[in-house]
Amino acid sequence: MNIETAGNGKQGRGILFVISSTSGGGKTTLARRLLKSLPDLALSVSYTTRDPRKGEVDGSDYHFIERDEFNKIKEPGGFLEWAEVYGEYYGTSRLAVESVIEQGRDVLLDIDVQGGRQIRDRIPEAVLIFIIPPERDELIRRLRNRGTESPSQLEKRLSAAREELALMPFYDYAIRNDDLEEAVEALRSIIIAERCRVTRWRK
Ligand code: 5GP
């Protein structure tokens with residue numbers, strides 16, 4: 001290893017970070033806050049077949065596409081991972097993530113637990129962080145406040161939340177999101193510590 005060029009932290013390829021949580025776990029707010037304090041971290045913009053919610057911007061929140069377009073990317077292996085969530089398809093562009101990592105930048109994926117599991121299998125060195133949702137009452141309140149789900153969709157999301165929690169053992173870290181400031185600080189600390197791992201320094 002060349003200590004002179006290693007500097008204060010890792011060099012070479014970027015690190016792939018994944019955050020997942022159950023629905024209403026608040027990870028999208030967390031991810032946005034995190035990017036403000038770590039601006040060199042790149043957020044991967046997923047592809048989805050679901051309709052945009054009010055205020056969402058194509059190309060920034062998601063790339064909103066039709067099912068046949070999704071399949072055209074999926075079939076030749078264009079997604080690093082993909083999953084069906086609540087009846088809609090979501091996927092991460094392989095090319096976009098690989099090119100950012102090749103440039104030495106770290107990338108953050110905000111994806112569901114099925115996607116997290118695929119990343120665990122395909123990219124063992126990725127760092128997976130599970131966001132534990134606040135207590136059930138708070139979870140219901142958050143989902144209701146968002147006001148984007150009908151009562152039956154709300155029930156679907158709550159029952160999915162129970163199943164998703166069971167996948168936590170595939171993750172490296174878990175953060176309880178009761179207090180936003182504390183959760184952002186914990187996430188930030190994990191990322192900074194991972195960047196300093198000796199094994200990530202250029203050999
Ligand atoms: P929402 O429709 O609320 O934006 O997202 C629903 C779920 O899909 C969330 O858990 C979100 O993290 C997940 N999701 C978003 N993009 C992707 C993706 O590219 N792959 C996977 N596997 N899940 C995603």
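A residue is called buried when its relative accessible area is under 20%, exposed when over 50%, and partly exposed in between (1.4 Å probe, protein chains only). By this criterion strand β6 (residues 88-93) is mostly covered, as five of its six residues are buried. Strands (E, at least two residues) and helices (H or I, at least four) are DSSP runs numbered from the N terminus.

The structure is a predicted model, in which local features need pLDDT of at least 70 and side-chain atom pairs count only at pLDDT 80 or more, while totals for chains, interfaces and linings use all residues. Residues are numbered from 1 along each chain as its sequence is written, and side-chain values use heavy atoms, with hydrogens and water left out. The pLDDT, the predictor's confidence in each residue on a scale from 0 to 100, averages 87 over the chain, and 91% of the residues score at least 70. Over residues 1-9 the pLDDT is below 50, and this stretch has 14 contacts in the model beyond near neighbours in sequence, a contact being heavy atoms within 4.5 Å. Where pLDDT is low, the predicted coordinates should not be read in detail.

Strand β6 belongs to an open sheet of four strands with the order β4-β3-β6-β5 and mixed pairing; two strands pair if DSSP finds at least two bridges between them. The edge strands of this sheet, β4 (63-64) and β5, each pair on one side only. Strand β3 (residues 47-48) runs antiparallel to β6 and is joined to it by two bridges, with threonine 48 opposite tyrosine 90. The antiparallel strands β5 and β6 are joined by six bridges, and tryptophan 82 stands opposite glycine 91 in β6. The hairpin of β5 and β6 has two residues between the strands, and tyrosine 86 in this hairpin takes a positive phi near 50 degrees. Helix α4 lies across β5 and β6 and runs at about 30 degrees to β6, where axes are lines fitted to C-alpha atoms (for helices over the stretch in contact) and angles run from 0 to 180 degrees between N-to-C directions.

A second open sheet has five strands in the order β2-β7-β1-β8-β9, with parallel pairing. Its edge strands are β2 (42-43) and β9 (173-176), each of which pairs on one side only. Helix α4 (residues 94-102) packs on this sheet by touching β1, β2 and β7, and its direction makes about 150 degrees with that of β7. Four bridges link β8 and β9 in the parallel sense, and phenylalanine 130 has alanine 174 in β9 as its bridge partner. Serine 21 lies in strand β1 and counts as buried because its relative accessibility is 5%.

The buried residues of helix α5 are Val113, Gly115, Gly116, Gln118, Ile119 and Arg120. They pack against β1 (16-21), β5 (79-85), β7 (107-110), β8 (127-132) and α7 (151-165). Valine 113 is found in this helix, which covers residues 113-122, and it counts as buried because its relative accessibility is 4%. Apart from neighbours within four places in sequence, the contacts of valine 113 are Ser20, Phe130, Glu164, Leu167 and Tyr171. One of these, leucine 167, is 54 residues away along the chain, and the two C-alpha atoms are separated by 6.8 Å.

Eight aromatic pairs are present in the structure. Rings of Phe, Tyr and Trp (its six-membered ring) are paired if their centres lie within 6.5 Å; planes under 30 degrees apart count as stacked, over 60 as edge-to-face and the rest as tilted. Ring pairs connect Tyr47, Phe70, Phe79, Trp82 and Tyr89 into a cluster. Lysine 74 lies over the face of tryptophan 82, at 4.5 Å from the ring centre; for such a placement NZ of Lys or CZ of Arg must be within 6 Å of the ring centre and within 35 degrees of the ring normal. Asparagine 71 lies in helix α3 (residues 67-74) and counts as partly exposed because its relative accessibility is 29%.
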